[in-house]
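The paragraphs below lead through a structure one part at a time. Please keep the sequence and the model in view while reading.

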Amino acid sequence: MSNAAAKTMPSVVGNTARALPVPAGKPDAPRKTRTPLSLVRSTPGKRRTPFVVLCFVAMAAALLTVLVLNISVSTAQYQLVQLKAEAATLNKENQDLTQKKQNYEAPQNLAAKAAELGMVPSTVKGQINVDTMTVTGKATPAVKGDNPGAQLAPPAVAGMLDVVPSVTTKDPLENLKPVTPAAPAPTPAAPAAGTAATPPVELHGGSVPAPQQKAPGQ
Amino acid sequence: MAQNPGTSKKPKTPAARKRLRVGLGIMLTLLLVVGGKLFMVQGLDVGGMAEAALASRLTPQVLPAERGKIVDANGTVLASSVIRYNIVVDQVQNTNTASFKRYNEKTEELDVVTRDQGIAELAGLLGADESKVREALTGDKKYAVVAKDVKPELEDRISKLLIPGIVAEGVSKRVYPNGSVAGGVIGFLQDGTTGQAGIEQTQDDVLRGTEGKRVFEIGADGLRIPVATDELTPAVDGSDVKLTLNTDIQYFAQQAIQNQVDKLSAEWGVIIVMDTKTGNLIALADTNAPDPNDPGKVDAKDRGVRSVTAAYEPGSVEKMITAAAVIEEGKSNPLDHFTIPPSYTIDGQTFTDAFEHGTEERTLAGILGWSMNTGTVMAGSRLTKEQRYDWLKKFGVGEQTDIGLPAEATGILAKPEQWDDRQQYTVLFGQGVSQSTLQTVRAYQSIANNGVMLQPRLIDSYIAPDGEEHKVPAKDPRQVVSKETAEQVQDILESAVTEGQIKDAAIDGYRVGAKTGTSQAPREDGLPGFDGYTASMVGMAPMEDPRFIVEVVLQRPKGSIYGITNGPVFCSVMAQVLRTYNVPPSTGTPARLPQFVK
């Protein structure tokens, strides 16, 4: 069936169409007349300004927050770097002080300092037993001016020689030499004290020198 | 219909169309070439450009491991590592910069500093001559060292000078705060890294730790690329080594032996202090001990630990072993009766004593108390050659000590079948056999500890970087003689002090047992014969339950050997040890075994 034919075809055929009830109050009304167009004032819409302001404020707030966050983070970073540097400095300082303390504690330096303060080593000690109320041993007072004999050289840690300040402007180790002129010459034990004695091999922490063989009969 | 010129609808002339097509073709070809190259470069990486770029960006950085400390039994630091700086200069940069700007904190302005002024300031801080510093900074080297081992505080001040070309390099430096106290035991490093002597050498692997590594990418601007590779292998610091030594006793002993050696112009001397209950070595004192901070100051031969490296003929101290052997074998007892002629001949070998005497009626205790060779040979000849050898061996003669020091001596104990006619008897009083001082002390330790020999210990524990302490287990003890024999020998040694010849070993308030030894020292220059003496004294206290052993050895003292005594040295060291460890004064009655048979 062509389109044209379909248009001309009646939608009902014969009397098979159902009779629809017609509303009572609505008889075949006459054709509605169109409302005449007229110019009216538009209804006042909602004001949009607060929303926009809100958006801007929110954005500004967000930006500000980000900025503050950024600033605080970078400030904290600077602080971190600074604190780390400070910790490193304190660490080094601590190491330095520890070393100084160790140097003061070295037995040689302690003995030298004690001697400088006029202390002398005690010789014979006595014991008191409280349980049996007995005294053993004859404690004799130490004699001042005893020749202290050999002194071990103080540790030669670089920059750590100021434990017993030198009286003279000479060698810092000078004051460790025996005081009395009658005392025996500085011992080979204190090579640092004997500045005149030049060691045959200066290794200064270096490697061990090649072995030297003795010629027989020497 | 109106014509609209310029619109596409206008049919083109064939020539223009052709041109367009050719142009398009060229464009496409170029695109293909560029695309292909892109693929080659990015996709296939022909020529290894990306790899090379990565390699140039990747920067490995070694994270140094801190070397462990060496501490004594009380935690006193004997060796530790500290940060020091080397001040280095790029001479080219420094020489070419006539002046530089520096921020002045006081005026809050940039000061212009001339090169001369900078050099003057640097010289002032370094305490060096200005002309020398100028010399060091001038030249055309990109790297030159201006000052070494500068302390952190000074480095800080030098860095603040901002002198162009001056840089500080951090280096690790080993320091030995106690210097020559136990210097030989601790040893020293070569080039600041590798142990070259003593504990530093033998425990190098433990002390050294493992170096760490960090690999990261760095941009052309010298900044690390944040999102790129960053591999970190942390460094493992070295463990600390804790020794059994006591620094104070060690110092005292070193002073004492140094004094003694100086007084008698001896070649060298050693003192060993040992705890008899644990075998712990409390002091290993040497004369002329090196200061590890500067070991080159003493002779090479003085840089070791002679207590363990020097083996020599021990002399009369060996008579204790003979006495213990004959008692343990049931061949004699401390009060056994010996009739001793002025000289004693056995198997054609004649033996005499250090002092002249007629025929004497002696006890075994008297033989040791007066250190008689004749009597010792008489008593010892009751043992077979094999037994003599076995007993020396049981007491650790010829058995190496293993305390963790380099070159520990084993000594020489020849097999009995190799002994000649005389040597078979001389070994009874410590000639013809050689041992280190520590081996002698170990033999006496087994007597002091009621017959149980403990191996000497020097390394007490290893302390890991996390602070955990790993004890070095003691080696298995062994019963050398029975408790009864050990007690009888202890009484003999005590009687030598109370009744015998070693009265100067007595300490007020404490019961002491001791034995002296004097032996001829063989020449060391290759010629046969002897050229001096070795004088020693070994003793223990308090005798009711011996806790400490001290041995003093003096090699080749000058002057008459008969006038030499190590008694005062022994006493002062032993008294110091007893007092340091708060040993209460002795109880009970001192043993006084009769030296003569009446």
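Which residue in β11(B) is the bridge partner of B:Phe216? The model is predicted, and in this model the partner of B:Phe216 is B:Asp230. The two strands concerned are β10, residues 212-217 of chain B, and β11(B), which pair in the antiparallel sense over 4 bridges. They belong to an open sheet of 3 strands in chain B, with the order β1-β10-β11 and antiparallel pairing. At the edges of this sheet are β1 (58-63) and β11 (230-233), each of which pairs on one side only. On average, neighbouring strands here are turned by 15° against each other, if direction is ignored.

Another antiparallel pair in chain B is made by β4, residues 99-104, and β5(B), joined by 6 bridges. In this pair, B:Asn104 stands opposite B:Glu109, a residue of β5(B). The two strands form a hairpin with 4 residues between them, and there B:Glu108 takes a positive phi near 55°. Strand β5, residues 109-114 of chain B, is hardly covered: of its 6 residues, the count of buried ones is 0.

Next come the helices of chain B. Two packed helices are described by the angle between their axes and the distance between the axes. For α4 (residues 115-126) and α5 (residues 130-137) of chain B, the axes come within 9 Å and cross at roughly 115°. This crossing of α4(B) and α5(B) is right-handed. On the side of α4(B), the contact is made by B:Ile119, B:Ala120, B:Leu122, B:Ala123 and B:Leu126, and on the side of α5(B) by B:Glu130, B:Val133, B:Arg134 and B:Leu137. By class, these residues divide into 7 nonpolar, no polar and 2 charged.

From α12(B), the residues B:Met320, B:Ala323, B:Ala324, B:Ile327 and B:Glu328 meet B:Thr485, B:Gln488, B:Val489, B:Ile492 and B:Leu493 of α18(B). The contact of α12(B) with α18(B) has 7 nonpolar, 2 polar and 1 charged residues.

Some loops of chain B have backbone features to look at. B:Ser265, in the loop between α10 (247-264) and β13 (268-275), has a phi near 50°, a positive value in a residue other than glycine. Is B:Ser265 buried or exposed? B:Ser265 has 10 other C-beta atoms within 10 Å, and a residue with 12 or fewer counts as exposed, so B:Ser265 is exposed. B:Asp347 is not a glycine either, yet has a positive phi of about 50°. B:Asp347 sits in the loop between β17 (344-346) and β18 (349-351) of chain B, and is exposed, with 9 other C-beta atoms within 10 Å. In the loop between β26 (530-541) and β27 (548-555) of chain B lies B:Pro542. The peptide bond leading from B:Ala541 to B:Pro542 is cis, and its omega is near -15°.

Chain A remains. Its secondary structure comes to 3 helices and 2 strands, and from the N terminus on the elements run α-α-α-β-β. Chain A has 218 residues, of which 13% count as buried. Among its contacts between residues at least 6 apart in sequence, 49% join residues at least 24 apart.

Definitions and conventions
Residues are numbered from 1 along each chain as its sequence is written. Chains are lettered from A and ligands numbered from 1 in the order in which they are written. This is a predicted model: local features need pLDDT of at least 70, side-chain atom pairs count only at pLDDT 80 or more; totals for chains, interfaces and linings use all residues. Two residues are in contact if their C-beta atoms, placed from the backbone, lie within 7 Å. Ala, Val, Leu, Ile, Met, Phe, Trp, Tyr, Cys and Pro count as nonpolar, Asp, Glu, Lys and Arg as charged, and the others, Gly among them, as polar. A residue is buried if 20 or more other C-beta atoms lie within 10 Å of its own, exposed if 12 or fewer, and partly exposed in between; C-beta atoms are placed from the backbone. Two strands pair if DSSP finds at least two bridges between them. Axes are lines fitted to C-alpha atoms, for helices over the stretch in contact, and angles run from 0 to 180 degrees between N-to-C directions. A crossing is left-handed if the near helix is turned anticlockwise from the far one by less than a right angle, and right-handed if clockwise.
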